[in-house]
Amino acid sequence: MGLQLYNSLTRRKEEFKPLEEGRVGIYVCGPTVYGHAHLGHAKSYVSFDILVRYLRYLGYSVTYVQNITDVGHLTDDADEGEDKLVVAAKKEKKHPMALAEYYTRSYFEDMDLLNCVRPDISPRATGHIIEQIELVKVLLEKGYAYEVNGSVYFEVAKFPDYGKLSGRNVDDMIAGARVEVSPDKKAPADFALWKKAEPNHIMQWPSPWGPGFPGWHLECSVMSMKYLGKTIDIHGGGLENQFPHHDYEIAQSEAANGVQFVRTWIHNNMITVDSQKMGKSLNNFITLKQAFSGAHERLTRGYEPLSVRQLILNSHYRSPLDFSDAALFAAQSGYQKITGAVKAVRKRMGTAAQGEADKKVAEQLKQLREKFETAMNDDLNTSVALSVLFELVRLAQKLLKDSSTNVGTLNLVNVLFDRLGGEVLGIVKAEYPEPAGLDEKRFNQLVDIVVGIRDKARKNGDFETSDAMRAKLEASGIELHDGPQGTQWSIIETEP
Ligand code: ZN
């Protein structure tokens with residue numbers, strides 16, 4: 001059986017078949033770049049990274065498009081409030097475009113550390129204003145939209161399939177509206193395609209309806225169409241984007257093109273931190289930079305980025321995931337176990353005897369690989385796939401204990417680590433550079449320890465030990481100065 005994916009549109013697992021054999025186009029809603037990426041971003045983009053990696057592992061040629069939202073995402077996800085970028089830019093006293101550039105770079109930096117493969121195309125919303133205006137024109141011509149006072153709205157009553165993804169009907173949506181309805185709208189559920197800009201609004205462009213800016217949802221319809229075509233294989237995003245964002249995208253795209261917009265919709269579930277929804281007011285809002293450095297009061301230490309990745313892979317992408325210091329710590333020790341085994345296998349390959357791979361081990365490895373693929377084919381069950389990787393770790397440890405294990409066998413183990421743990425899961429690295437020598441701080445700590453031990457010997461009258469240690473330290477270039485406050489030390493300067 002091939003790859004089965006859960007399609008949010010049909011609400012069931014389906015055998016995945018791309019429109020064109022051997023090729024897959026994926027569009028994933030990218031970040032709105034007005035702050036550093038946080039743990040929620042990590043869960044979302046690691047999940048889609050796994051999908052892209054696994055499709056490539058299966059031999060598909062994948063085009064992965066993930067946009068950068070740098071205009072039009074308002075503080076209310078519907079179409080009221082202020083532009084999130086403009087609000088943050090005012091606070092940081094930057095031009096909104098400078099802010100967007102800064103946080104876009106920060107985002108890629110964090111995603112690189114999480115070992116997420118970069119998208120093939122990362123289109124910016126502000127780079128596609130012309131195409132967005134064109135789509136609005138089409139929707140006006142086809143009678144799905146109307147213009148009022150310089151703004152253009154999509155008229156949901158004209159689109160019978162409206163809400164088919166989230167399963168909400170128009171009445172539910174109106175009841176759930178959090179903001180006052182603009183008096184310009186014909187019906188409360190209508191949404192903005194283009195918004196009129198007030199003269200002092202910094203992010204604005206000329207349009208046939210006067211100066212304005214695009215509604216947030218428009219960019220994804222336009223950019224997926226431009227780079228992947230009118231019907232795309234897979235569209236991904238967070239569960240929180242299913243409504244309204246994705247239902248709006250469907251309405252705009254299908255009304256304009258008259259064909260199905262997306263064949264498979266994939267949504268990843270959300271995260272909690274210490275079992276609570278992550279929020280700035282709860283003081284559990286943790287950015288990736290804080291998770292990596294440990295600079296957050298909920299964390300006892302900084303975590304290796306790939307152990308954050310490993311924690312994400314421990315649960316299914318459609319399940320919620322709870323981040324906590326303890327969970328991160330457990331994931332980190334698991335990650336180190338895998339890393340340790342991979343390094344040991346590679347090191348041993350340098351000294352082990354030559355020879356062909358053991359047939360029994362080769363068969364065991366083949367079975368592990370099949371088990372891994374079965375798990376991944378079942379809607380990307382990474383937690384089972386990860387447990388298979390741990391089985392491989394245990395097998396490797398057993399083989400390393402046996403002095404007769406030869407290079408051929410170790411090579412097969414290493415290849416499987418690379419393919420399953422590296423290529424698909426992204427937690428095994430191709431190379432592990434040797435750590436640099438002791439830094440100054442650690443060197444000083446080490447000498448303090450040694451000098452402390454010698455000082456104790458001297459105070460106890462064990463002059464034989466203390467004198468021997470002094471001599472050895474001096475030979476290593478460290479001079480001791482005994483005094484009433486204890487012993488100080490310095491490095492003996494030598495002529496260059
Ligand atoms: Zn989107």
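The expected span of a helix is 1.5 Å times one less than its number of residues. Helices here are DSSP runs of H or I with at least four residues, strands are runs of E with at least two, and both are numbered from the N terminus.

This is a predicted model, in which local features need pLDDT of at least 70, side-chain atom pairs count only at pLDDT 80 or more, and totals for chains, interfaces and linings use all residues. Residues are numbered from 1 along each chain as its sequence is written, and side-chain values use heavy atoms, with hydrogens and water left out.

**Stop 1: helix H14**

Select residues 440-459, which form helix H14. At 1.5 Å a residue, its 20 residues should span 28 Å, and the end C-alpha atoms are 28 Å apart, so the two values agree.

Now pick out Val447, Val451, Arg454, Asp455 and Ala457, the buried residues of H14. Buried means under 20% relative accessible area, exposed means over 50%, and partly exposed lies in between (1.4 Å probe, protein chains only). These residues cover an arc of only 155 degrees around the axis, which puts them on the same side of H14; the arc is that of the directions from the helix axis to the C-beta atoms.

Which exposed residues are on the face turned away from the buried side of H14? They are Lys441, Ile449, Ile453, Lys456 and Lys459. After H14, select glycine 461, whose phi is positive, near 80 degrees.

**Stop 2: salt bridges**

Side chains of opposite charge can pair when their charged atoms come close. A salt bridge is a side-chain nitrogen of Lys or Arg within 4 Å of a carboxyl oxygen of Asp or Glu. The structure holds 32 salt bridges.

Start with Arg454, Asp455, Arg458, Lys459, Arg470, Glu474 and Asp482, which are linked in a network of salt bridges.

Next select arginine 56 and aspartate 120, whose closest N and O atoms are 3.0 Å apart in a salt bridge. Arginine 56 lies in helix H1 (residues 39-57), aspartate 120 lies in the loop between helix H3 (96-113) and helix H4 (129-141), and the two are 64 residues apart. Arginine 56 is partly exposed at 29% relative accessibility, and aspartate 120 is partly exposed at 45%.

**Stop 3: helix H8 and helix H3**

Select lysine 289 and aspartate 110, whose side chains meet in a salt bridge (2.8 Å, N to O). Lysine 289 is in helix H8 and aspartate 110 in helix H3, so the pair ties together parts that are 179 residues apart in sequence. Lysine 289 is partly exposed at 26% relative accessibility, whereas aspartate 110 is buried at 1%.

Then select leucine 288, in helix H8 (residues 288-293). Is leucine 288 buried or exposed? Leucine 288 is buried, with a relative accessible area of 0%. Beyond its neighbours within four places in sequence, leucine 288 is in contact (heavy atoms within 4.5 Å) with residues including Leu39, Asp110 and Leu114.

**Stop 4: the zinc ion**

Select the zinc ion with Cys29 (SG), Cys220 (SG), His245 (NE2) and Glu249 (OE), which coordinate the zinc ion at 2.0 to 2.6 Å. Donors are N, O and S atoms within 2.8 Å of the metal (3.2 Å for Na, K and Ca); water is not among the atoms, so sites may look incomplete.

The angles among the four donor atoms run from 74 to 131 degrees, and the site is irregular. Four donors count as tetrahedral if all angles lie between 85 and 135 degrees; four count as square planar and six as octahedral if opposite donors are over 155 degrees apart and all others between 65 and 115; anything else is irregular.

Cysteine 29 is in the loop between strand E3 (23-28) and H1, cysteine 220 is in helix H6 (residues 216-228), and they are 191 residues apart. Both cysteine 29 and cysteine 220 are buried.
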